[in-house]
Amino acid sequence: MAIVKMKKFHLLVLNSYREKLLRELQIFRNIQFEDVCEVENFESEDLLRFKRIAVEEEISKYEDQMNQCTYAIDLISKHTTQLTGLKALIEGLPNYTFEEMEKKVSSMDFEMEYSSIKSLGDELASIESSISKRKELIKELEAVSNLDISFNSLNQLKRFKAFVGGVSNKLLETFKENIEKLEFTYCEEVGVYKDEYLFFVIFDKREEEEVLEVFRTGNFNVIKNDSDKLPKERIDELNAEIEKMSAKKDEICKLLGTKSKEISDFKIYFEYLGNLKVRTQAQYEFMASKSVCVLSGYCPDFDTKRLEEVVANVCEDTYTAEFEDVDKNDPDVPIILKNNRLVRAFESVTSTYALPKYNEVDPTPLYAPIYALFFGMMSADVGYGVVLLILTTLGLKICNFTPNMRKNVKFFQLIAVSTAIWGFLYGSYFGASIPGMWRLFDLSKDFMTILIISIIIGGIHLAYGLLIKAYMQVRDGQYVDMFFDVIAWFLTLGGIICFLLSLAGVISSDIGNIGKYVMITGIILLVIGGARASEGNIVKRLVAGIYNVYGISNYIGDFVSYSRLMALGMSGGYIAFSVNMIAGMVWGKTFIGYVAAILILVLFHAFNLFLSCLGAYVHALRLIYVEFFGKFYEGGGKA
């Protein structure tokens, strides 16, 4: 249960083997390439023949094909019924190895399948565009449907010209005033379309220049339509065309609906292309001449022999491989966590915060039981724990989860056990207590005892974090740092606790006096430690040392923070108790009362279960991330 030890490898292979080797290394999985230029200076005269491998065109090709897959999936999905809810979880997504994916893709004719879908999509888009245009034209014609002359007839007048067009409300009065001044022009309002008032204007050609000037100043928007039919007839004609196009559209949609099985093919092909793209992008990190290729990267120490076997099988004897230990302080070393089956479920908590650096410890096994303890205390209820345990167990049995989703469900399955155990200790069964059933604490009476226990657990948790820091510093030979960063804090905090307990009469005054002097000693060491870690003159160092003592206030806040272990446990329990009380008020009076009581119990307990789990999850994270990790853990490792 630790961070996997890594090795750095350097390979020199023939270019002719490069593609085949990359395929095998992708199947190998447990490697990560690094930029070989950071290992070797290729600007030296002897290595100038080595150049970056040009892969941009190939990557662009894969991206275009992936976009085609996305287009096909989206188009078919719009016209097929997709699995949702529990059915979708049970069905899940198919899980293929790369070899299985290759075999599946080899049996597909991607170009033919995509062309078929693309032609249907283009035809559908064309029909929808045509329908939209005709509907817009209908709206336009409906505004002038009272006209008893066709637009084409207006264009055939000899002595006169006629137009139908619109004027915005802003310029309406100006347009009317100007048009009325013209002697040989007739203007009539015929309707309203959108934000424009429509007018029929006919005028003698002798006034054409004046009319066009009025059109210009009034921003007269002429309706262009060369139909020889009346507006009403043209509307009927357009509706008939829309009906015919809609029927064709329905045919295409039904045809797309029959291609639901092809969605999985396109999804598999998309994933396959994604793998090819990643493989090609990896070559950015390589350098190659006309005949050979140089690559470098990281591999787990336990897998170096298998890696060399893979390279030997591909390249036969025409390769050179070197392995070396990595620098533990190198921030670029990839991090792989190795834990047992139970602890592995908690790795998502670590990765959500930050993976450890290579020179740190894996905190996952260190906090996993503590996180389960905290979650159980804050969601404590036997009924809720059993329900959560059943749901997660059934989910793991019948649902086809992805590996990450399965790990998350396993996480909640484990902490459900803690919820049930703490619920048993509190004697809470869906917010109710069972007469005669043993319980360790009664939430309604022992809340002060639980609060004190919460603070004590917090103190132990903080001390645990400091001890881990001490271990890391001793491991790295930083004995002086450990003395001032850990021992000094143990002396200070321990002395303060003993001194305060003696004032409260919990322990004797003699022990309290010892605690006082231990506290003073610890504070002096904190000042020295803070000054020692600072730079500058004596005044700056002294200020830094005094500021280091101010960290006591942070510890006080940390101690108080653990009171949430009691507070959330009580809040969830009292909400559950209130639900039971409300259900009991309507139970047994009428049939409707029985039904209402059952609905209240089911719905509100389900809601309280969700709130309790959400609150416990978030606040347990807070105690781990802030109070615990803050004592020893930095993170910042790369996957």
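In the UniProt record, an unreviewed entry, the feature "transmembrane region" is placed at residues 366-391, 411-430, 450-471, 483-508, 514-531, 565-588 and 594-618. The structure examined here is a predicted model. Two of the annotated spans were examined for secondary structure and end-to-end distance.

A nonpolar surface patch of about 1100 Å² is formed by Trp587, Phe591, Ile592, Tyr594, Val595, Ile598, Leu599, Val602, Leu603 and Phe604. Phe591, one of the residues of this patch, is located in helix H23, which covers residues 591-632. The relative accessible area of Phe591 is 66%, so this residue is classed as exposed, the cut-off for that class being over 50%.

The cysteines were considered next. The number of disulfides in the model is 0. For Cys613, the closest cysteine sulfur belongs to Cys399 and lies 17 Å away; a bond between the two is therefore ruled out by distance, given that a disulfide requires sulfur atoms within 2.5 Å. Cys613 has a relative accessibility of 12% and is therefore counted as buried, since the limit for burial is under 20%. Cys498, by contrast, has a relative accessibility of 27% and counts as partly exposed. According to the UniProt annotation, the transmembrane regions include residues 483-508 and 594-618.

Conventions:
Residues numbered from 1 in each chain as written. Predicted model: local features only at pLDDT ≥ 70, side-chain atom pairs only at ≥ 80, totals over all residues. Heavy atoms only, no water. Buried < 20%, exposed > 50% of the residue type's maximum accessible area, 1.4 Å probe, protein only. UniProt positions renumbered as here; feature names shortened; annotations may be inferred. Patch = residues over 30% accessible without salt bridge, like charges linked within 9 Å, V, L, I, M, F, W, Y side chains within 5 Å. Areas by Shrake-Rupley, 256 points an atom, 1.4 Å probe, with all protein chains shown as cover. Salt bridge = Lys/Arg side-chain N within 4 Å of Asp/Glu carboxyl O. Helix = DSSP H or I, 4+ residues; strand = E, 2+ residues; numbered from the N terminus.
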